[in-house]
Amino acid sequence: MALFTTTYLPRKSTDLIGQEKALAELKDFILNYKKKDRRAALLHGPVGVGKTSAVHALANELGYDLLELNSSDLRNQEQMKSFLGAALGQQSLFFQPKIILVDEVDALSGTYDRGGSSALVSALEKSTFPVILTANDPYDQKFKALRNTCQMIAFEKIDHRSLGSLLKLVCEQEKIPFEEKALNSLARQADGDVRSALIDLQICAVGGSCTFERVQSLSD
């Protein structure tokens with residue numbers, strides 16, 4: 001069985017739940033990038049609420065090439081300069097518009113960060129493409145310059161009722177017998193994390209159905 005987190009990965013913006021305001025702001029930033037004062041958008045919010053998925057979905061929907069890197073692999077100044085220098089100056093294949101996604105910039109606040117944050121800020125000032133960053137908590141002091149450079153877009157924690165509705169849809173699609181009480185419990189336990197909820201549902205459904213008793217046994 002394929003992972004639910006892969007099968008139900010948002011392919012278009014309407015597939016995401018509970019982030020209408022953030023999606024509208026992000027789409028406007030991408031489409032009107034050349035008119036914006038800020039050279040990048042910083043998507044911030046709890047784990048699993050759709051920040052990275054939103055970028056992928058909009059790139060797919062709008063027909064943009066997407067170049068993605070995880071900042072945990074680019075913690076020092078030289079690595080950051082080298083990659084971003086090439087990425088920001090490289091024309092997209094077939095001259096399609098391009099988005100550059102730098103995921104999980106929280107990693108730059110670690111003790112191994114050697115100028116990565118400052119290199120990122122410098123690179124953003126020269127970008128001719130929309131650059132989108134993601135972070136769980138961008139309010140570390142080291143991110144002050146980065147925050148001043150970026151348009152801040154907040155992704156809110158997903159309401160448990162919306163999350164419960166998604167889990168019900170998945171069960172119906174996968175023909176998994178379920179108890180409403182079990183799905184509500186999974187949705188509350190996930191605390192807004194869609195990815196976590198889908199993983200828990202799939203584990204629960206291994207026995208053939210998703211019952212409240214099964215959910216309780218998994219949380220013990």
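**Overall surface and fold**

The protein chain exposes about 11,500 Å², of which carbon and sulfur atoms supply 51%; accessible areas come from the Shrake-Rupley method with a 1.4 Å probe, and for residues only the protein chains shown count as cover. This is a predicted model, in which local features need pLDDT of at least 70 and side-chain atom pairs count only at pLDDT 80 or more, while totals for chains, interfaces and linings use all residues. Residues are numbered from 1 along each chain as its sequence is written, and side-chain values use heavy atoms, leaving out hydrogens and water.

The predictor's confidence in each residue, pLDDT, runs from 0 to 100. Its average over the protein chain is 85, and 83% of the residues score at least 70. Confidence is lowest in helix 4 (residues 77-89), with a mean of 62, and highest in helix 2 (residues 20-31), at 97.

The protein chain has 10 helices and 5 strands; these are DSSP runs numbered from the N terminus, helices being H or I of at least four residues and strands E of at least two. Of its 220 residues, 42% count as buried, meaning under 20% relative accessible area, with exposed over 50% and partly exposed in between (1.4 Å probe, protein chains only).

**Helix 9**

Leu-198 lies in helix 9. Why does Leu-198 count as buried? Its relative accessibility is 5%. Beyond neighbours within four places in sequence, Leu-198 is in contact with Phe-4, Thr-5, Tyr-8, Leu-167 and Val-170, contact meaning heavy atoms within 4.5 Å.

Ile-203 also lies in helix 9 (residues 194-204), but is partly exposed, at 40% relative accessible area.
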